[in-house]
Amino acid sequence: MLVRAIEEADRIVVGRLVLELWGAHTAVAHGQVFFPASLPGFLVEQQDQVVGLLTYATAENLLEIVTVDALRRGRGVGSSLVEAAVQRARQLGCSRVRLTTTNDNLDALRFYQRRGFRLTALRPDAVRESRRLKPEIPSVGDYGIPITDELDLERWVAPR
């Protein structure tokens, strides 16, 4: 398994994956629209196939994970991507890594908390605004739970 930074030559593959996995070319969190295919990030490759993708944005002292997808679950792909993002945050001098998910995403909440992330914000009914910006967001998500709220999770990054 190889984790590497996204290169310009990867942009078409990244764009195709984002559309397939996220249902649009955009991702929305906390009222902001992101275009993941144009963001920096990481790919995980195994036997010349992409098995994982993470994109991020940076601002001030923060690295924000915009998308993360493990195409093969339970094999360390997601963990490798998150650790690559934490290392990049450290390299960039960021003090924390943040991501936003929705209330239905119980598997993600478990995954991130087990990797040192803590819940830092709840925005009740924020997905209503997100749907205005990205109508493709479904109304019901994992486990039949209505998608209504955004949750932020953060992990502090120790300096080098």
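How many bridges join strand 5 to strand 6, and which way do the two strands run? There are 8 bridges, and strand 5 (residues 49-59) and strand 6 (residues 62-70) run antiparallel. Keep in mind that this is a predicted model, where local features need pLDDT of at least 70, side-chain atom pairs count only at pLDDT 80 or more, and totals for chains, interfaces and linings use all residues. Residues are numbered from 1 along each chain as its sequence is written, and side-chain values use heavy atoms, with hydrogens and water left out.

**The sheet**
- Seen as a whole, the sheet is open, with 7 strands in the order 1-4-5-6-7-9-8 and mixed pairing. Strands here are DSSP E runs of at least two residues, helices are H or I runs of at least four, and both are numbered from the N terminus; two strands pair if DSSP finds at least two bridges between them.
- At the edges sit strand 1 (2-5) and strand 8 (118-123), each pairing on one side only.

**Strand 5 to strand 6**
- These two make a hairpin with 2 residues between them, and E60 in the turn has a positive phi of about 50°.
- Across the pair, L54 stands opposite V68 in strand 6.

**Strand 6 to strand 7**
- On to strand 7 (residues 96-102): 4 bridges join strand 6 to it, and the two run parallel.
- Here L62 stands opposite R96 in strand 7.
- Strand 6 is mostly covered, with 8 of its 9 residues buried (under 20% relative accessible area, with a 1.4 Å probe and protein chains only).

Key
Buried means under 20% relative accessible area, exposed over 50%, partly exposed in between (1.4 Å probe, protein chains only).
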